[in-house]
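User: Hi! I'm new to this one and would like to talk through its charged side chains. Could you help me out?

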Amino acid sequence: MNTIYWRQPARIRAATRRTSLAGLVGGTPVLRIPELWGGGSHRFWAKLEGHNPGGIKDRPGLYMIGQARCRGQLRPGEPIIESTSGTLGLGLALAGIVYRHPVILVSDPGMEPMMHHLLSAYGTQVETVTRPHPVGGWQEARRQRVRELKLEYPGAYCPDQYNNPDNISAYDSLARELAEQVGGVDILVCSVGTGGHSAGVYRTLKRLCPEVRLVGVDTIGSTIFGQPARPRLMRGLGSSIHPGNVAYDSFSEVHWVAPPEAVWACRRLAAGHYASGGWSVGAVALVASWLARTQPAGTRIAAIFPDGPQRYFDTIFNDVYCAEHGLLDCEPETEPDHIGHPADAEVTRWTRCTTVVAP
């Protein structure tokens, strides 16, 4: 058998038996996966955050709202308003049900119809902006609408996932689970969007595993690590703004991945290991696979898989959609391109850079 499912420690298994809704979050499993090109003995650990009810952002959704309530920033019954491309929306929908707050989410036309319907079913109000901001793209257009809505609802609370330090602290539990399950981590591979989970998991792991290195994974067309902003097909990672939660000093290197490469990795994971997910999962798996093949034997590489495959049935796992966007039959090269500095060239395929600077 090519994949190894790691049995959860007893303490973590006990946590997953809790019967409260909030208690369903956390205690997610890990899976040891062979590198995607050739398999064999080169493997990495995948932390399967798609086993949370809504994905990885259930953790910050509950934590940010819980902390805001404790500080008196969010009074009982007042609305929660936030910008989202999808996954945090699920986490906030969960928090709204747990803490009994109405939730208003602002998205854009790129949100999958399935996600829009699901969020509505969970009782949220979803607003869709109709045109991108001329500088900050869809993200800035969404944030602008959030600011307008806050004026309409004076008692509302906006978590501001891009800059809220609670979005970082929320991942302490994930890091502790990962260290216990894997027995220590040498290299942590994370996709980067708001910067929350890469900063939060690394911060705690650094205390538990002092030699751990952080590898960031972004999408082409994202401005986070100094590339020019372009229209982006991949959602859940990347940004057209510069989130304050990105811990630039923590990264030892960054990789940019293109949509066809992420699709190949997602489908390879699904067919070979019954463990896949969305754009972030494919991009992270691609980079983690390369690291597993190129690092010394025994290096413990852990990759965070933020979600599962369900919401991508009409994109990544839809042959018609993928054919229309030129995403099929595009097996990536086994080595990334390399640039010395993010400003050296605009990247269009999988590319690695070991110089990480704040733009």
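User: Is Asp 172 buried, exposed or partly exposed, and what is its relative accessibility?

Analyst: Asp 172 counts as partly exposed, at 25% relative accessibility. Keep in mind that this is a predicted model.

User: Thanks! Which side chain does Asp 172 meet in a salt bridge?

Analyst: That would be Arg 176, with an N to O distance of 3.0 Å. Arg 176 is partly exposed too, with a relative accessible area of 39%.

User: And how are Arg 176 and Asp 172 placed in helix H7?

Analyst: They sit four residues apart in that helix, which covers residues 172–182, so about one helical turn separates them.

User: What about Glu 148, which residue does it pair with?

Analyst: Glu 148 forms a salt bridge with Arg 145, and their closest N and O atoms are 3.1 Å apart. Both belong to helix H5 (residues 137–152), three residues from each other.

User: Switching topic: which residue forms a salt bridge with Asp 166?

Analyst: Arg 71 does, with the closest N and O atoms 2.6 Å apart. Asp 166 lies in helix H6 and Arg 71 in the loop between helix H2 and strand E4, so the pair ties together parts 95 residues apart in sequence.

User: Is Asp 166 buried or exposed?

Analyst: Buried, because its relative accessibility is 7% and the cut-off for buried is under 20%. Arg 71, at 44%, counts as partly exposed.

User: Last one: how many salt bridges are there in the whole structure?

Analyst: A search finds 22. There is also a network of salt bridges linking Lys 47, Glu 49, Arg 59 and Glu 177.

Conventions:
Residues numbered from 1 in each chain as written. Predicted model: local features only at pLDDT ≥ 70, side-chain atom pairs only at ≥ 80, totals over all residues. Heavy atoms only, no water. Salt bridge = Lys/Arg side-chain N within 4 Å of Asp/Glu carboxyl O. Helix = DSSP H or I, 4+ residues; strand = E, 2+ residues; numbered from the N terminus. Buried < 20%, exposed > 50% of the residue type's maximum accessible area, 1.4 Å probe, protein only.
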